[in-house]
Amino acid sequence: MMDLTIREIAQACGGRLVVQGGKADENSRVSCVVIDSRQIEPQGVFVATVGEKVDGHTFIASTFARGAILAVTQKMPEQVEAQSLQKSGQSITQRRQAEEKGEAAGWGCYVLVEDTLQALKQIAEAYRRKLNIKTVGITGSAGKTSTKEFIAGVLARHYHVLKTEGNFNNEIGVPLTLLRIRGEHEVAVVEMGISDFGEMHRLSKMVRPDVCVITNIGQSHLNNLIDRDGILRAKSEIFDYMAKDGEICLNCEDDKLSPLKEIKGHRPHFFGLGRNPAEEVSMTEITGKGLRGSEATLTIRRELSGQEGAETKRVTVPLPGGHMVLNAAAAACVGEVLDLAIDEIAAGLADVTAVSGRTNILQTSHYTVIDDCYNANPASVKAALELLAQADTHKVAILGDMLNLGEESDRYHAQAGRRAAELGIDFIVCVGEQSRHMFEAAKKQGNGQVQSFWFPDTGEVLAALEADCSRLIPEGSSVLIKASHDMGFAKILDLVLAR
């Protein structure tokens, strides 16, 4: 059960509580809060949100039939019933007859609000305030998910940890993550993603992080945030509701973060690759193992945090790519500020596995596939290409548009194409209108030594792969698949894996 009652939910979202049905009263505790009716549990709360394709209000009755004790709604029961009747063609009399036969369920208690999505955030904020738990908030232009996995893996060696699942890092996903916290959890690791000013402020208000982590300040969502200084301002909203005794972990390799010596009275802890004396946690003597990850020497300089001495340990970073070593350093930094021993940190790092869509190495009978198709920006594309370049087979990069880059989009795509050619990628397959600039730059930089292709959209490249996959991906190749999520590159991944 959650430490949350029906009355507290109604108060949190400022709604009008209607108690009916006889199954619950204001003091009843709830078991869960969900927006997917399929996830409802007995004594659960269903928040009826309105999406582009599905109106959750149509599922309210069915959730009560399966044991829900409360619905949060922005429509009255009679409105929902009228819409349902209109859609089904039933008359009111027919509906009443069906209900009497038990073929349709009525409503129980509900809270009427103006906006159910806003109510979801308000409920999550109220719930978070009641919890005696540490929260780690993670943001940055790239690497958030992998860093979240490293941090959760490290902290799980010492604490009972809840972490963000999937892509639940926005103004819907974050409250749902918080609402999954239960009494046994000691730390919540929460990924926080944004695309505009003000969003992080609202996320921070819900999460109230005890530890704030910023992975980097790159080039993403520039259509709203304008430039890297704008990105820094937007990401820095994470500190707006940080705990008074909170801690801050920053990437010392990032030129926008390394100059930050004090934030709201807090001295940041810096992590990096041993190139700056301000680093409290560093990874040095890095040995790449290709697509099998890296080994590095982890150093924790405790004197920088007011303690004595320094510790070092050779550690394994199982996810491939130099950028993953830096993500692991971020996790070690969080482990340090939350009092883990260096042996616990090392063990946690070694056990981390990749998340689908994010530098996930998949082996088939024909190819080695780098599944990085969840999202893309200039920094993450560069890192992925550098990883692909380590392969000792034919190297194929299937790259799609990086979206939301604003006025500099053409230049960033051209940079990615040039970098792919510089690294000696054998086949560069560019997909999308913006990626034409990538294709042209790769073709020019490759000077006939690189085979480059351009397709206007995902459908076209899928058709080409279906017709003759070996023309673009020779047998035995290592294949990188990467683009912004809306390019639908998961379809390309599925096709390649099925070969």
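Is C109 buried or exposed? The points below take this up, together with other local features of what is a predicted model.

1. **C109.** This cysteine is buried, and its relative accessible area is 3%. A disulfide would require the two sulfurs to lie within 2.5 Å.

2. **C212 and the disulfide count.** The count of disulfides comes to 0. C212 is likewise in no disulfide. For C212 the nearest cysteine sulfur belongs to C249, at 8.9 Å. C212 counts as buried, with a relative accessibility of 0%.

3. **The aromatic pair.** The model has 1 aromatic pair. Its members are W107 and Y110, arranged edge-to-face. The ring centres are 5.3 Å apart, and the planes make an angle of 85°. Pairs count as edge-to-face when that angle is over 60 degrees, so the assignment follows from the cut-off. W107 is buried at 17% relative accessible area. Y110 is also buried, at 5% relative accessibility.

4. **Charges over rings.** R411 places its charged end over the ring of Y412, and the distance to the ring centre is 4.8 Å. R436 lies over the face of W454. Here the distance to the ring centre is 3.8 Å.

5. **Helix α10, start and burial.** This helix spans residues 228–235. D227 caps its N-terminal end. Within α10, the buried residues are G230, I231, L232, A234 and K235. Note that K235 is on that list.

6. **What covers α10.** Several elements contribute to the cover over the buried residues of α10. They include two strands, β6 (134–139) and β9 (211–214). Helices α8 (199–207) and α9 (222–225) are also among them.

7. **G143.** Where does G143 lie? G143 is in the loop between β6 and α6, the latter covering residues 144–155. G143 counts as partly exposed, at 28% relative accessibility. Which residues does G143 contact, leaving aside neighbours within four places in sequence? The contacts of G143 are T215 and N327. The C-alpha atoms of G143 and N216 are separated by 8.1 Å, although these residues are 73 residues apart along the chain.

Key: Residues are numbered from 1 along each chain as its sequence is written. This is a predicted model: local features need pLDDT of at least 70, side-chain atom pairs count only at pLDDT 80 or more; totals for chains, interfaces and linings use all residues. Side-chain values use heavy atoms; hydrogens and water are left out. Buried means under 20% relative accessible area, exposed over 50%, partly exposed in between (1.4 Å probe, protein chains only). Helices (H or I, at least four residues) and strands (E, at least two) are DSSP runs, numbered from the N terminus. Contact means heavy atoms within 4.5 Å. A polar contact is a pair of N or O atoms within 3.5 Å; within protein, one must be able to donate a hydrogen and the other to accept it, and residues adjacent in sequence count only if both atoms are side-chain atoms. Rings of Phe, Tyr and Trp (its six-membered ring) pair if their centres lie within 6.5 Å; planes under 30 degrees apart count as stacked, over 60 as edge-to-face and the rest as tilted. A charge sits over a ring if NZ of Lys or CZ of Arg is within 6 Å of the ring centre and within 35 degrees of the ring normal.
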